[in-house]
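Me: Could you walk me through this structure step by step? I am new to reading protein models.

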Amino acid sequence: MNQRVCHTSAQLLPFLLAFCLTFWVFASHGQAADSENLPEDVALALGTLIDRAQDKDSVTIQNLRPLLDFAQKTAPLRDDWEVPTLHNATGAYYGYTIATPVERIVEHIYHPELPPSLFHPSVVRVGKWFEQPEENIPQLWEKLEEGHVKVIRWEELEENTPDVNTGGYYTYQTDRMIILAAHEGKKYLLSVSKQQEESSVGRKGVVIGDDQDWNYFYTDEEGLTTGGLGWVNSYMFDSFSVTMLSADPAAPEHSRHAMFKWVRAGWSGMNMVRPSHVRNGCKRFAQSLVWLMESDKLPELNTLVAMSARVLAMDEQEALNTLQPYIENLRDLSSADSVLSRRSFQRILNQDNPLEHYSLYAKQSLVMKEFLKASVGLPALLAVYLDDVLVSFLH
């Protein structure tokens, strides 16, 4: 009996080591060489906001002041700070600028008639409110007065895009808290999210080609796509974040986005996440937001609203008909893709409807993402010109 156990463990050992080395690996390992410890008062303020996202207690300017001061005076000194572990989750920081005013970003990503995930195509497959917020955040932002704090709360269902290394993707529910604050003549928008419970089991997805093209394929098979790890039942045990959006103190017509994020994920209760994994996930988020917000080809807001309403009105059959060119293009490029060319994925792609397991909302979100890509000049797999209404928006 003992010999059999030892033999089985020896067989599994290479796979266990491979998993530990590859789970959620985006790029380099370890902490950045030039990182510096996060100021203690900032770390305490972050912990307080994460708690407020769940306990629904009030948020005051005193709770926020260390973070607001950090955003204006300290954060711009570097784009990396060493973030302490919180609730047994691994944390990281990433700060960057966007060459467009804060007001423009707020009116786009928080527009009440646009899906909450529309401008995050590199990290969110689908994102939707359980109940749409009653408040109009861009209007509240415009009317916000000095010294005031406004808090808006809601719940979201989110499914992320496949991990760039393992191919795993996850579905989970989050508590979302948006804080608008005006302090010492400057305005800040803070977004706080806290995962409610363990995610669904990880499923096999594919990052197709360059991740910066936002092309992904999803299966309903449990496991990870990475060779040798198809059997792993992985989960996001917990995740939470605090982000701050404000005018860049060095260039007021530009925006500064400071991101703090924590993730605890792995299998059998073990957290396999390292700070570099979380930080590179933040970079991935920033890449698509910067591309869209800085593009002079991004359609006007009224065009995006009309496009969104048009797509969300599609039923299953119309959404599938609209996506037929996407399916054909996906099949054409799959033979040259190192992952999609595998027999298991070819079997799915050659079915009559390889998107059968996609929900209606996932199909609609895919149409909207392909519309955005075509609009801003990224290679789109969907021939949007086949829909007269959609193509009219492009012109």
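Me: Which residues of helix α3 are buried?
Reply: Helices (H or I, at least four residues) and strands (E, at least two) are DSSP runs, numbered from the N terminus. Buried means under 20% relative accessible area, exposed over 50%, and partly exposed in between (1.4 Å probe, protein chains only). With those terms in hand, the buried residues of α3 are Ile 61, Leu 64, Pro 66, Leu 67, Leu 68, Phe 70, Ala 71 and Gln 72.

Me: Thanks! What kind of model is this, and how are its residues numbered?
Reply: This is a predicted model, where local features need pLDDT of at least 70, side-chain atom pairs count only at pLDDT 80 or more, and totals for chains, interfaces and linings use all residues. Side-chain values use heavy atoms, leaving out hydrogens and water, and residues are numbered from 1 along each chain as its sequence is written.

Me: What span does helix α3 reach from its first C-alpha to its last?
Reply: Helix α3 covers residues 61–74, which is 14 residues.

Me: How many helices and strands does the chain have, and what percentage of its residues count as buried?
Reply: Let's start with the secondary structure, which comes to 12 helices and 11 strands. Of the 395 residues of the chain, the share that counts as buried is 54%.

Me: Is Asn 88 buried or exposed?
Reply: Asn 88 is not a glycine, yet it has a positive phi of about 65°. It lies in the loop between α3 and β1 (90–98). With a relative accessible area of 61%, Asn 88 is exposed.

Me: And Trp 214, buried or exposed?
Reply: Trp 214 also has a positive phi, about 60°, although it is not a glycine. Its place is in the loop between β7 (203–207) and β8 (216–222). Because its relative accessibility is 0%, Trp 214 counts as buried.

Notes
Expected span 1.5 Å × (residues − 1).
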